[in-house]
Amino acid sequence: MADSTPSTHAQPAKDSHPSEDVQATADKKLPAAAAPLIVRVAVLSPLRRTFDYLVPEELADSPPQRGCRVSVYFGKRKIIGLVIEQAASSDFALAKLKPIEAVIDIQPLLPEPLFKLFIWAANYYHHPIGDVLFRTLPALLRVGRSLPLPKQKKLWRATPLAIEHGHEMLKKASLYKQRALLDELLKKPLTRQSQILKFYTRGTLQRVQEKGIAELVLIGPEKVDLDNLLREQPLTLNPSQQQAMDAIDCHGFNTWLLDGVTGSGKTEIYLQCIEKIIRYGRQALVLIPEISLTPQTEKRFRDRFNSPVAMLHSGLTDQDRLEAWAQAASGDAPIVLGTRSAVFTPMKNPGIIILDEEHDQSYKQQEGFRYSARDLAVIRAKQENIPIILGSATPSLESLNNCENGRYQHLVLANRAGDAKPPNWTMVDLRSEQVESGVANTTLTAIREAIDNQQQVLVFLNRRGFAPSLLCHYCGFAAECPNCDSRLTVHRRRQGLLCHYCNYKRGLLHWCPSCRGDRMVAAGDGTERSEAWLKECFPDTRIIRVDRDTTRKKNALQEMFDTVDSGAPCILVGTQMLAKGHHFANITLVAVLDADSGLFSADFRAHERLGQLLIQVAGRSGRGDVAGKVILQTHQPDHPLLEILIHQGFNQYAKVLREQRQQSQLPPFSQLTLIRADAAHANNAENFLRLARQCAEAIMPASTQINYLGPLPALMERRNARYRYLLQITGERRSDLNYLLSKLVLELEKLPESRRVRWGVDVDPQEL
Ligand code: ADP
Ligand code: ZN
């Protein structure tokens with residue numbers, strides 16, 4: 001892993017013979033008498049440190065500032081680094097330091113508060129600063145491109161001369177093209193050049209310009225016109241919305257947890273806060289879990305405001321990402337809308353951060369730099385001294401706990417806005433029911449009733465494919481993935497078996513490889529199978545399956561949503577893609593085919609997740625005039641947690657879970673960190689973590705304040721042909737853990753065993 005320590009820096013100071021490298025740098029005229037200026041530079045490297053470089057004499061008057069990119073030699077490679085600070089001295093022999101080759105930015109690329117956020121994040125997550133910086137910057141900046149200038153629009157208009165004499169001047173029949181163009185310009189006062197060039201040649205445009213008939217108007221980056229900010233009128237807030245709105249102070253730092261049931265009008269509050277902020281001349285950063293699943297959110301922002309929205313998400317080209325980033329950095333975009341990594345977008349005039357669906361797991365990066373965008377957003381708001389709103393219908397236990405201990409302000413919207421009523425829940429006991437392809441008889445009857453009444457139905461099953469396993473009828477053999485500890489899923493449409501963890505594919509098995517039996521059975525239910533059965537039961541009704549297999553094509557999801565929004569009766573069958581974001585006005589029945597999968601898991605967050613998922617799915621129904629109905633199919637109709645969730649609601653459910661966590665001293669009542677390691681051989685991963693534990697115990701022995709567990713195999717030990725292990729460190733106080741980890745990671749970097757594994761620190765892990 002650690003392969004690139006530049007030798008010049010690592011040399012001990014006493015070695016005074018100049019090496020060849022230093023000889024080369026001597027030609028560059030190092031600063032003579034004055035104290036040499038040094039810059040500490042972060043580069044993309046797995047090491048948790050910065051590297052010192054000399055500022056050559058010709059740059060001594062304007063040394064690169066903190067936050068500027070520089071080009072430097074790292075070993076033999078020339079790479080791009082970012083200046084972390086200027087310094088007067090170095091721990092390394094000056095003669096051994098290399099000079100920087102070139103300065104790329106005159107102005108810091110990152111504003112100071114954002115820069116501090118990066119440093120804070122690297123320290124908090126114990127991740128190499130270079131990796132933190134370079135993996136979050138837009139790709140084109142990483143390779144040294146400069147920020148694009150604000151885009152200018154080229155518009156054309158008819159001159160006063162043209163208005164008076166244009167037609168006379170162009171009356172010759174052969175000038176019909178120019179005449180047509182003139183007519184267009186007369187009709188529309190300002191026309192985009194790109195629009196004109198769709199129908200006319202550059203020559204035509206040039207000729208009317210030469211005749212003084214048309215003139216070019218260059219318009220700088222779109223400016224926000226505050227008199228004309230709104231494209232539609234805001235809704236009149238209902239009393240509980242108004243109360244929340246009055247509470248939210250748009251000046252200075254404060255964290256608000258906007259805890260409102262689905263459809264309670266949280267988004268309307270976001271929009272009205274953003275309006276206020278824009279009128280103060282500031283920008284709003286809006287973070288959402290996944291843009292492709294929530295096209296409506298983007299639309300609602302664009303429908304409300306006459307102002308540019310900079311979008312930052314994973315679906316962008318590098319160029320688009322760079323432009324959006326620049327638009328946010330320059331302040332030209334008052335609204336910046338993005339997913340997880342957008343928390344690192346620079347803004348000239350930050351005014352508020354809004355983070356919707358704060359409980360959503362996608363805010364936590366699950367590999368490499370394992371940060372939580374939610375937690376960093378709160379830190380960023382604090383550093384920028386601006387308010388932040390975290391919104392959710394099913395808040396995380398962490399955030400609820402932060403309300404309890406006074407760190408966040410709790411705002412509750414208990415009812416749906418407008419007239420929509422809360423859904424009615426019923427349980428279907430799978431133990432006493434006839435079930436076919438995952439659908440119980442009672443459920444089927446309810447679906448039929450809804451369809452007969454011209455209504456729409458959502459059937460939720462969080463397993464894509466036809467069946468979750470392929471079994472031998474005779475010997476019980478199950479087809480497994482060769483790379484992972486998982487069974488292969490049967491996919492009927494693709495005629496094959498697929499691993500959902502590593503994407504391993506193979507053809508269907510018709511013979512058992514173990515006993516040569518000839519009856520292989522697709523066991524269990526996935527969305528494909530339920531869809532097929534529902535098609536049989538309702539041949540005249542539209543059945544729309546929504547999962548990763550059916551939404552691969554661009555716009556496929558949007559087209560499905562459009563079909564549903566058109567209102568005709570239909571049955572949607574899908575995975576948790578349906579639980580997120582989209583509002584289905586006409587769905588009156590939601591059927592959850594399997595409520596049990598989250599009830600018995602070894603992950604201590606499983607119950608929290610289950611409750612969130614069920615409430616989120618249920619929230620899709622009955623947004624229109626008819627009250628919605630939710631059917632929960634379960635083998636555990638008497639499970640006390642399900643009872644609480646259904647009869648007392650998510651808040652009470654969360655309260656019970658919180659008490660359980662407190663009793664067992666699990667997060668958020670203790671601080672949890674994992675050291676993760678994976679390797680092709682299980683021994684390497686396990687050994688490394690055993691050493692890690694010894695190192696850690698030497699720094700801070702186990703006590704009532706700090707507790708070690710492991711090395712343990714991860715919940716899924718083998719994945720993608722690698723064995724995954726973890727060492728669990730629990731601390732009562734964050735400061736203890738932080739101290740321990742900051743020492744520990746430096747020691748682990750030096751261990752030869754660390755080169756045989758991929759390892760990293762996972763602070764506040766979301767999965768085990
Ligand atoms: P949430 O974000 O909490 O799910 P939304 O803001 O999307 O809720 O609101 C749900 C629905 O209620 C939307 O159709 C919205 O237009 C409507 N709505 C929100 N606030 C009001 C209000 N004050 N008066 C009438 N309708 C409202
Ligand atoms: Zn696999």
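1. Strand 29 and strand 32 run antiparallel and are joined by six bridges. Two strands count as paired if DSSP finds at least two bridges between them. Helices (H or I, at least four residues) and strands (E, at least two) are DSSP runs, numbered from the N terminus. In strand 32, Val761 is the bridge partner of Ile675. Strand 29 also pairs with strand 31 (residues 722–731), in the antiparallel sense and over nine bridges. There, Thr673 stands opposite Ile729.

2. A note on the basis. This is a predicted model, in which local features need pLDDT of at least 70 and side-chain atom pairs count only at pLDDT 80 or more, while totals for chains, interfaces and linings use all residues. Residues are numbered from 1 along each chain as its sequence is written, chains are lettered from A and ligands numbered from 1 in the order in which they are written, and side-chain values use heavy atoms, with hydrogens and water left out.

3. How enclosed is strand 29 (residues 671–679)? Nine of its nine residues are buried, so strand 29 is largely enclosed by the rest of the structure. Buried means under 20% relative accessible area, exposed over 50%, and partly exposed in between (1.4 Å probe, protein chains only). In a regular strand the side chains alternate between the two faces of the sheet. Here Gln671, Thr673, Ile675, Ala677 and Ala679 point one way. Leu672, Leu674, Arg676 and Asp678 point the other way, and the residues of both sets are buried.

4. Next, the aromatic pairs. Rings of Phe, Tyr and Trp (its six-membered ring) pair if their centres lie within 6.5 Å; planes under 30 degrees apart count as stacked, over 60 as edge-to-face and the rest as tilted. By this rule there are eleven aromatic pairs. One of them, Trp120 with Tyr124, is stacked, at 4.7 Å centre to centre and 10 degrees between the planes. Both residues lie in helix 3 (residues 112–124), four residues apart, about one turn of the helix. Trp120 is partly exposed at 29% relative accessible area, whereas Tyr124 is buried at 14%.

5. Phe688 and Trp759 make a tilted pair, because their ring centres are 5.7 Å apart and their planes stand at 45 degrees. Phe688 lies in helix 21 (residues 682–699) and Trp759 in strand 32 (residues 758–763), so the pair ties together parts that are 71 residues apart in sequence. Phe688 is buried, with a relative accessible area of 0%. Trp759 is buried as well, at 8%. Phe688 and Arg756 are 68 residues apart in sequence, and their C-alpha atoms are 8.4 Å apart in space.

6. Ring pairs also build a cluster. Its members are Phe118, Trp120, Tyr124, Tyr125, Phe344, Phe369 and Tyr371.

7. Which residues coordinate the zinc ion (ligand 2)? Cys481, Cys484, Cys499 and Cys502 do, each through SG, at 2.2 to 2.4 Å. Donors are N, O and S atoms within 2.8 Å of the metal (3.2 Å for Na, K and Ca); water is not among the atoms, so sites may look incomplete. The donor angles of 106 to 113 degrees make the arrangement tetrahedral. Four donors count as tetrahedral if all angles lie between 85 and 135 degrees. Along the chain the donors follow the spacing C-x2-C-x14-C-x2-C. Cys499 and Cys502 are both buried.

8. Ligand 1 has 17 residues around it, and Thr236, Gln241, Lys266, Thr267 and Arg300 come nearest. Here a residue is near if one of its heavy atoms lies within 4 Å. A polar backbone atom of Thr236 is 2.7 Å from a nitrogen atom of ligand 1. A backbone N or O atom of Gly263 lies 2.9 Å from an oxygen atom of the ligand. For Lys266, a polar backbone atom is 2.9 Å from an oxygen atom of ligand 1.

9. Backbone points to check. Most residues other than glycine have a negative phi, and most peptide bonds are trans. A cis bond joins Pro667 and Pro668, with omega about 5 degrees. Pro668 sits in the loop between helix 20 (640–663) and strand 29. The bond from Gly710 to Pro711 is also cis, with omega near 10 degrees, and Pro711 is in strand 30 (residues 706–719).

10. Asn503 is not a glycine, yet has a positive phi of about 70 degrees. Asn503 lies in the loop between strand 22 (496–498) and strand 23 (505–507). Asn720 has a positive phi of about 55 degrees and lies in the loop between strand 30 and strand 31. Asn503 is partly exposed at 47% relative accessible area; Asn720 is partly exposed, at 47%.

Technical notes
Tetrahedral: all angles 85-135°; square planar, octahedral: opposite > 155°, others 65-115°. Polar contact = N/O pair within 3.5 Å; in protein donor to acceptor, adjacent residues only side chain to side chain.
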